[in-house]
Amino acid sequence: MIKLEEVTKKYILDRETEFAALKNISLQIKSGELCAITGPSGSGKSTLMHIIGLLDQPSSGRVLIDGIDVAKLNDNELSRIRSEFVGFVFQQFNLINKLTVLENILLPTIYKRKDLGYSPHDKALYLTERFGLKGKENSFPNKISGGQQQRVAIARSLIMNPKLILADEPTGNLDTKTGNEILRLLEELNGDEKLTVVIVTHEVDVAARTKRIIKIVDGCLV
Amino acid sequence: MSCMKDLYFLFVIKTALYDFSRNKGRTFLTSLGILIGVMAVVLLMALGLGLKKYIQDQFDSLGANLVMVMPGDKQALMQGGGIGGIQFDERDVTKLRRIKTISSITGVYAKPGSKIQANGKTEAAEIVAASEEIVPVMNLEVEYGRLFEKKDSQKGQKIILISTTMAEKLFDTSENVLGKKVDLNEQSFKIIGLLKPKSSGLGSNGVDNHVYIPFKASYSINPDKKFYGIYLKTENKEVNAETKTEIENVLLKRYDKDDFSVLEQKEIMDTVSSIFNIINSVLVAIAAISLIVGGIGIMNIMYVSVTERIKEIGIRRALGARKSDILYQFITESVLLSLLGGFLGLSFSFLIVFGIQKLFPAYIDLMSVALALGVSSGIGIIFGVFPAKKAADLSPIDAIRYE
């Protein structure tokens, strides 16, 4: 499903110094996998996730999504893949505080390009119920707990029926108990709905719960 | 699909309104620029329209088939130059009367800037001395009393027609005024008729400060017995070119081409209108500068808004928003902001126009409303496009990482 070929990402710090966040990374993530990208902070794992999620482009190498070289896509096409293929879950939840829980979940659907074949509103209500957010539909994100906010974010990532969930330190801002609940949710999505789930984490015990660990140190796979 | 579009628009509007309500002071101050600009433009247009309509009414009250034959070159007359050169006399009137299409004609002596006194009060008036044919020529109608008749012209009695407006100024009432005396340049005249008012508003500057006396009665103030001009009315509702040529041909037998002018109401009206339009356009153009300043204010605040919401832009991009979606969102916000100012400016203009309407003939037409709302939307788009472009061009990764 996702294939990286010799991906390198360099940042130019000033005229003379370059910093390589990723060095010659080649890897493949298959459909239905539950895997973790792990490594110490500054190792390049977030950069790797951003490249997989098409938020960032590599300096060299190829990224293939279902066999399509994303370097050949324009901004509109990249946006379309982000909309239909990927669902993001962030450490900071990244909800929009001026929209209600229900509106946040529905937000990706206002940017859709094609008919979804289902009612976004019904699906959003189903997701709130499934994730224990019933009664909070019209609350604003800053009025609910961190665990609830992350569940809203997961519901939002699912509203477009993506094939891939990319979670960047999803438990980083939560206590252990709530973090465990969120991880269980992600495991369920992988198990029950056969979604491909990639979790970026620096926590060893979080990574241990996945079926495959991709370890990265100083921009290289180890 | 259309339902989705509605939802999309609803989200955009809701986001914008949320930001406005969170920054009420800022929103108000930003739209204040547009408010003032729109108000200045709309009010000036309203005053211009009102004044134009007032002048139009004045001319219309005299009838479009009124022709004035004046001494002097037309160009000079139109530009407000002096009247001079030749003097018409009764012979010219008699000759012109032979033209079949002329229905009434009279020689006229007019003295603007005269004083009329009665009841211990003094008012400015324009004395018009003429034969009884002035009645059809100037479309005079009485409210009380009677108009001039043929015998009045022959006798030269000291009688006078004033408007009810003038009567109210002098006697505080227009009733029981008939038969009373007024002083015109220290001569006493008896009121025989009160004329229906021809205009409202603008105080004493209109046709209603004209006072009419028989030509013979004017000899004491017009010792040379001269005509100021010859006024005539044609049978047709509008003056046709042949009648005008006939009048010119009659006069050319006696005078040179440059010595006299044949002025139609329409011509005078057109000249006045065109001068007026130019003055009004210049004023509106100056007022429009404040709209540009208001637009710059909107642009400035939109840049601030984009900077404040970089993270939000990043989130939206990660969720699949295209550059064009972000562009559209910010332009919509700036248009809403500008329209808010335009709408408020228009509302205040309506209030002000409503307030001054009794003193000054101003009115707002549909065109002004459309222009105000159109221009403020336009300003929202023009001045919103650069900040919106800045927002749309942010790289998704830089935006979402922004703290």
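Helices (H or I, at least four residues) and strands (E, at least two) are DSSP runs, numbered from the N terminus, and B:Asn139 is found in the loop between two such elements, α5 (134-137) and β4 (142-145) of chain B. This is a predicted model, in which local features need pLDDT of at least 70 and side-chain atom pairs count only at pLDDT 80 or more, while totals for chains, interfaces and linings use all residues. Residues are numbered from 1 along each chain as its sequence is written, and chains are lettered from A and ligands numbered from 1 in the order in which they are written.

**Chain A overall**

- Chain A has seven helices and ten strands, and its radius of gyration of 17 Å is close to the 17 Å that the globule rule gives for 222 residues, so chain A is as compact as a globular protein of that length; the radius is taken over C-alpha atoms, and the rule is 2.2 Å times the number of residues to the power 0.38.
- Of the 222 residues of chain A, 44% count as buried, where buried stands for 20 or more other C-beta atoms within 10 Å of a residue's own, exposed for 12 or fewer and partly exposed for values in between, with C-beta atoms placed from the backbone.
- Among contacts between residues at least 6 apart in the sequence of chain A, 70% join residues at least 24 apart, a contact being a pair of residues whose C-beta atoms, placed from the backbone, lie within 7 Å.

**Helix α5 of chain A**

- The 13 residues of α5(A) (residues 146-158) should span 18 Å at 1.5 Å a residue, which agrees with the 19 Å between its end C-alpha atoms; the expected span is 1.5 Å times one less than the number of residues.
- Ten of the 13 residues of α5(A) are buried, so this helix is largely enclosed by the rest of the structure.
- The buried residues of α5(A), which include A:Arg151 and A:Arg156, pack against β6 (86-89), α3 (101-106), α4 (120-130), β7 (164-168) and α6 (176-193) of chain A.

- The domain assignment of chain B gives domain 1 (2-57 + 272-401) and domain 2 (87-254), with bounds that come from an automatic or database assignment, and 53 Å separate the centres of the two domains, taken over C-alpha atoms.
- Helix α12(B) bends by about 45° at B:Val385, and a proline, B:Pro387, follows within four residues; the bend is the angle between axes fitted to the seven residues ending there and the seven starting there.
- The buried residues of α12(B), among them B:Phe383 and B:Pro387, pack against α2 (24-62), α9 (265-308), α10 and α11 of chain B.

**The contact between the chains**

- The contact takes 18 residues from chain B and 18 residues from chain A, and α1(B) gives the most to the side of chain B that touches chain A, with five residues.
- By class, that side of chain B has twelve nonpolar, two polar and four charged residues, where Ala, Val, Leu, Ile, Met, Phe, Trp, Tyr, Cys and Pro count as nonpolar, Asp, Glu, Lys and Arg as charged, and the others, Gly among them, as polar.

**Residues with positive phi**

- Most residues other than glycine have a negative phi.
- A:Glu6, in strand β1 (residues 2-12) of chain A, has a positive phi of about 45° and counts as exposed, with 12 C-beta neighbours inside 10 Å.
- B:Asn139 has a positive phi of about 55° and counts as partly exposed, with 16 C-beta neighbours inside 10 Å.

Terms used
Two residues are in contact if their C-beta atoms, placed from the backbone, lie within 7 Å.
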